[in-house]
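Dear colleague,

Below I am handing over the structure we spoke about, sequence and coordinates together.

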Amino acid sequence: MTQPIFMVGARGAGKTTVGSALAKALGYKFVDTDLYLLRTSGLSVADIVDREGWAGFRRRETETLKAISSPLTVVATGGGVVLSAENRDFMRQTGTVIYLRSPASTLANRLEDAPMEDQRPTLTGKPITEEMMQVLNEREALYQQAAHHVVDGTQDPTQVVNAIMEALALPMA
Ligand code: ADP
Ligand code: MG
């Protein structure tokens, strides 16, 4: 299996952390859609949202997804990538989609512990646990729909990587 592996899940799910560790374990390349956008446009997610609104950001995100998807690559997507049916279909058809699933409280704790690692503006301006509960309410079904494998993302990153490797039934690289 050489097709791309897409990591999906909310902010704080571990898409970047677990995705890069998974890439290392498989000997795959690792790309993060937000970082790719920053490198190619010089704009952060916050800059793009300021200038073009979330709709502009979503359009660029879809273009990015298609541009960076290549064989032997783990792709960490943005938390809202599944909102677009086009994105969900594209990921399911061209790759293997992993949903890193954790409860809102876990996501909120991680984001509070490391606020600077996530450069995305909040979606609602509400307290973080409330926002994560709302986000999961809106998106849980979409994450599940997009995913080929749903993985428990609450364990430590090494264990999550092992669970993904088992799900993929791939030998350790
Ligand atoms: P995402 O890319 O999905 O937004 P990150 O990989 O940036 O999430 O992780 C957000 C924060 O949570 C980081 O501080 C990271 O170190 C921590 N983290 C990620 N995955 C785990 C995990 N499985 N267990 C504990 N902490 C984690
Ligand atoms: Mg990330």
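Two residues are in contact here if their C-beta atoms, placed from the backbone, lie within 7 Å. Counted in that way, and among contacts between residues at least 6 apart in sequence, 78% join residues that are at least 24 apart. Please bear in mind throughout that this is a predicted model, and that every value below is computed from it.

**Overall fold**

The protein has 7 helices and 5 strands, and from the N terminus these elements follow one another in the order β-α-β-α-α-β-α-β-α-α-β-α. Its radius of gyration is 15 Å, close to the 16 Å that the globule rule gives for 173 residues, so the protein is as compact as a globular protein of that length. Taken along the principal axes, the C-alpha atoms fill a box of roughly 45 × 35 × 25 Å, and 38% of the 173 residues are buried.

In soluble globular proteins, nonpolar side chains tend to be buried together. In this model the largest nonpolar core has 34 residues, and those with the most contacts inside it are F6, M7, V8, V97, I98, Y99 and L100. At least two residues of this core come from each of strand 1 (5-8), helix 1 (15-26), strand 3 (73-76), strand 4 (96-101), helix 5 (104-113), helix 6 (128-146) and helix 7 (157-168).

Leaving aside neighbours within four places in sequence, M7 is in contact with K15, V18, G19, V74, V75, A76, T77, I98 and L100. With one of these, A76, the separation along the sequence is 69 residues, although the two C-alpha atoms are 5.0 Å apart in space. L100, when residues up to four places away in sequence are again not counted, touches M7, G9, A13, G14, K15, V18, V151, G153 and V160.

Helix 1 has 12 residues, which at 1.5 Å a residue should span 16 Å, and its end C-alpha atoms are 16 Å apart, which agrees. Its buried residues are K15, T17, V18, G19, S20, L22, A23 and L26, and they pack against strand 1, strand 2 (29-32), strand 3, strand 4 and helix 7. Just after the helix, G27 takes a positive phi of about 70 degrees.

Which element gives the most to the shell around ligand 1? Helix 1 does, with 4 residues, and both helix 1 and helix 7 supply at least two residues of that shell. In total 18 residues surround ligand 1, the closest being G14, K15, T16, T17 and A114. The residues of the shell divide into 6 nonpolar, 6 polar and 6 charged.

**Individual residues to look at**

Most residues other than glycine have a negative phi. L72 has a positive phi of about 55 degrees although it is not a glycine; this residue lies in the loop between helix 3 (45-68) and strand 3, and it counts as partly exposed because it has 14 C-beta neighbours inside 10 Å.

Helix 3 holds two residues that can be set side by side. E61 lies in this helix and is buried, with 24 other C-beta atoms within 10 Å; not counting residues up to four places away in sequence, E61 touches T33, G78 and V81. Its C-alpha atom is 9.0 Å from that of N87, a residue 26 places apart from E61 in sequence. A46 also lies in helix 3, but A46 is exposed, with 12 other C-beta atoms within 10 Å.

The C-alpha atoms of E112 and R92, which are 20 residues apart along the chain, are separated by 32 Å.

With best regards

Note on methods:
Residues numbered from 1 in each chain as written. Chains lettered and ligands numbered in written order. Predicted model: local features only at pLDDT ≥ 70, side-chain atom pairs only at ≥ 80, totals over all residues. Core = buried A, V, L, I, M, F, W, Y, C linked by C-beta atoms within 7 Å. Buried ≥ 20, exposed ≤ 12 C-beta atoms within 10 Å, placed from the backbone. Rg over C-alpha atoms; globule rule 2.2 N^0.38 Å. Expected span 1.5 Å × (residues − 1). Near = placed C-beta within 6 Å. Nonpolar A, V, L, I, M, F, W, Y, C, P; charged D, E, K, R; others polar.
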